[in-house]
Amino acid sequence: MKDILIIDDDAELCDLLTDYLKAEGFNIETCHNGEHGAELAINDRYDLIILDVMLPGINGFDVLRKIRSCSAVPVIMLTARGDDIDRIVGLELGADDYLPKPFNPRELVARMHAIQRRTEISAGPTAPGKHDRNEGKIIVDDLELDPARQTLLCKGENIELTAVQFSILHQLLANAGKVVSRDKLAEDVLGRKLEMFDRSIDVHISSLRKKLDCGSGGRERIKSVRGVGYQYLVGAQ
Amino acid sequence: MPRIFIKIFFWFWLAMTLIGIILVAISLTTDPRRNFMERESHKLTSYGEQLIRAYEDKGEAGLVREIDRFEVEDGIHLVLVDVKTRLLSEQPEQPFLKDFARKALIGNLTRSLGSDIVRPGGSKFETFAIPLNKDYVLLAEVPKPTRQQLLLDPQTLTSRLVATFMVAWLICYLLARSISTPILKLRRATQRFAEGDLDIRVTPSLGQKKGEFADLAKDFDSMAERISDLLQHQQRFLRDISHELRSPLARLNVALELARQQIGKDIAPLSRIEQESERLNTLVGQLLTITRLQNQTLIRDKQPLDLADLLKRIVEDANYECQTSHLKTRLTAKTVGTVLGSEELIYRAIENVVRNAIHYTREGSVVDINLTSSKDGSWAEISVLDHGPGVPESALPELFRPFYRVGESRERNGGGTGVGLAIAEQAIKLHGGKIWAENHAQGGLIFTILLPVEGASSD
């Protein structure tokens, strides 16, 4: 997690962020235009994209849609604070997390680290010094999740997941049949506590459900336990 | 000339004319006098049978008594004639009657002969000769019907009334429908528009119709277009403003952290800058919230709310924050019916009221929060009582205005942006509820929030 692309039309903010994040040990590239940003994000290999929602020309959602059509690179969206619609739309389109603008840069770094940690854990053996309890595939029913390669097979067919969706499913499958609380999911996957009325986890779960629709024959795979969290239902359960 | 004028004029004119034509047709095809005669001869036949019975039972004396009775009761002259043309009841025998009776018997004629007979002073009577059986013929003089009786003849009258009713009903129905249908469509559209469905248009539902209503529909549509444009512009404008205000704030935040990074430690003025920037940011956020609430007419994610639990969370939060200032928030909750709404909006609304109370209550005092059900159970009632200075009566309704401050005594000293109560009011109103403030008899200010209970019949 070194190479970061910031897509934001506010050049001055980009400069300040570049200074700040460089001091934190990241390589930063910036782009002030949505079209160009989407191309950069797709063609070059970045470890993380920071994407502003309000962009001139094509907006942040369209950029995200373009990126997601061919890449699962982690994306943090910068949204207007209090605009929960923006938040939810962003997450539904496959953003990994969001940060309301104006934000505290320390918070941004914390979230970047959370995503970094997650990709490294998921990557398992390729990341040196990690525990091997995460090593090896998890197979539940017709799902086959391979943390090392970050792949998910459903009945042998590959399903594209974003990093966050992958981590959530990883957690649920590792605890298949048990209820995993929303707070625990948020802490493990997003690296933060959920604020009141924060529906991030629910939106990610709902995207996951849609993607896992394959061959379930209408069977509910992920069950909501109201007020607590989520549970992966095994087999005929 | 306006189409609607022509329409109403034409339909009324058509209705009147049709009714007129039908009435004329009815009076041409029916003869009230004929109906009268038919009814009378029917009645006379039964009289005749009574006479025969009387004659055969009691002889001539009985017959005369019966005839006298009919004369007195109905004003009808009756003469019973035997086949051998012997008058049985009128003396002396009158030859013209014999002759008439014979003709009647031979030709088996009844009514048509009636008017042939001319009797002295008989113009006021209709005369009948009715063959009863092989042996008898009844001659009768019945008072002629008056014009009024003929006019009110039940048979003709019924057909006239029915025809008038049917024609008037049909045409009025068509006319009323052609006027009311577009109006109702327009009204429904207006209601939906007022409820926030800005995409509703009327013209497509009216089809190919022309005229004032179609014009009105077109006008409505262009008005709707314009309003939704304006609203969209306003929304965009607000978003732009928030973006513009927040961009410098975002830069300020990053610059602040850069400064900390470069100094290598935190110094007090930087924390102060951070605090003020956060305050400014909250204010921008709240302003956006209130404008959004003012424009909103629908709640998207309505769900049943557990008010007691919601209040418990607010109180816990408040108590946690007030640990240092010797304040306490106390909750008494009774069970209330289900309230539907957005949990977040209701939470924020009540939280703002509670925060306001905490802000103004005396140090070391208690803020009392009470949840109960209204007497008839149709409202959930939440009251928040502080032990502060209260406000002048005249200022009570003003409390919900953004940035309103009551004099020196309620001057802001940190915390609160001045928009909290306005947000609370908008959110409660959006849920169909009410909120107001009063000075409590024992001092302090009491806020009351009413939220409608689902399924209860509210007045």
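In chain B, helix α11 (residues 343-360) packs against helix α12 (residues 420-430) at an angle of about 145 degrees, their axes lying 8 Å apart. This is a predicted model, in which local features need pLDDT of at least 70 and side-chain atom pairs count only at pLDDT 80 or more, while totals for chains, interfaces and linings use all residues. Residues are numbered from 1 along each chain as its sequence is written, and chains are lettered from A and ligands numbered from 1 in the order in which they are written.

**The helix pair in chain B**
- Helices (H or I, at least four residues) and strands (E, at least two) are DSSP runs numbered from the N terminus.
- Axes are lines fitted to C-alpha atoms, for helices over the stretch in contact, and angles run from 0 to 180 degrees between N-to-C directions.
- Among the residues that meet are Leu345(B), Ile346(B) and Ala349(B) in α11(B), and Leu421(B), Ile423(B) and Ala424(B) in α12(B); contact means C-beta atoms, placed from the backbone, within 7 Å.
- By class, this contact of α11(B) with α12(B) has ten nonpolar, three polar and two charged residues (Ala, Val, Leu, Ile, Met, Phe, Trp, Tyr, Cys and Pro count as nonpolar, Asp, Glu, Lys and Arg as charged, and the others, Gly among them, as polar).

**Where chains A and B touch**
- Chain A gives 19 residues to the contact and chain B gives 18 residues.
- On the side of chain A that touches chain B, α1 (11-23) and α5 (105-123) of chain A each supply at least two residues.
- The largest share of that side, seven residues, comes from α1(A).

- Three strands form an open sheet in the order β10-β12-β11 (chain A), with antiparallel pairing; strands pair if DSSP finds at least two bridges between them.
- β10 (179-181) and β11 (222-225) of chain A stand at the edges, each with a single partner strand, so one side of each has no neighbour in the sheet.
- The twist from one strand to the next averages 30 degrees.
- Helix α6 (residues 163-174) of chain A packs on the sheet, touching β10, β11 and β12 of chain A.
- β11(A) is joined by four bridges to strand β12 (residues 229-232) of chain A, and Ser224(A) stands opposite Tyr230(A) in β12(A).

**Helix α7 in chain A**
- In α7 (residues 182-190) of chain A, Arg182(A), Leu185(A), Ala186(A), Val189(A) and Leu190(A) are buried, meaning that 20 or more other C-beta atoms, placed from the backbone, lie within 10 Å of their own.
- Gly191(A), with a positive phi near 70 degrees, follows α7(A).

Methods. Two residues are in contact if their C-beta atoms, placed from the backbone, lie within 7 Å. A residue is buried if 20 or more other C-beta atoms lie within 10 Å of its own, exposed if 12 or fewer, and partly exposed in between; C-beta atoms are placed from the backbone.
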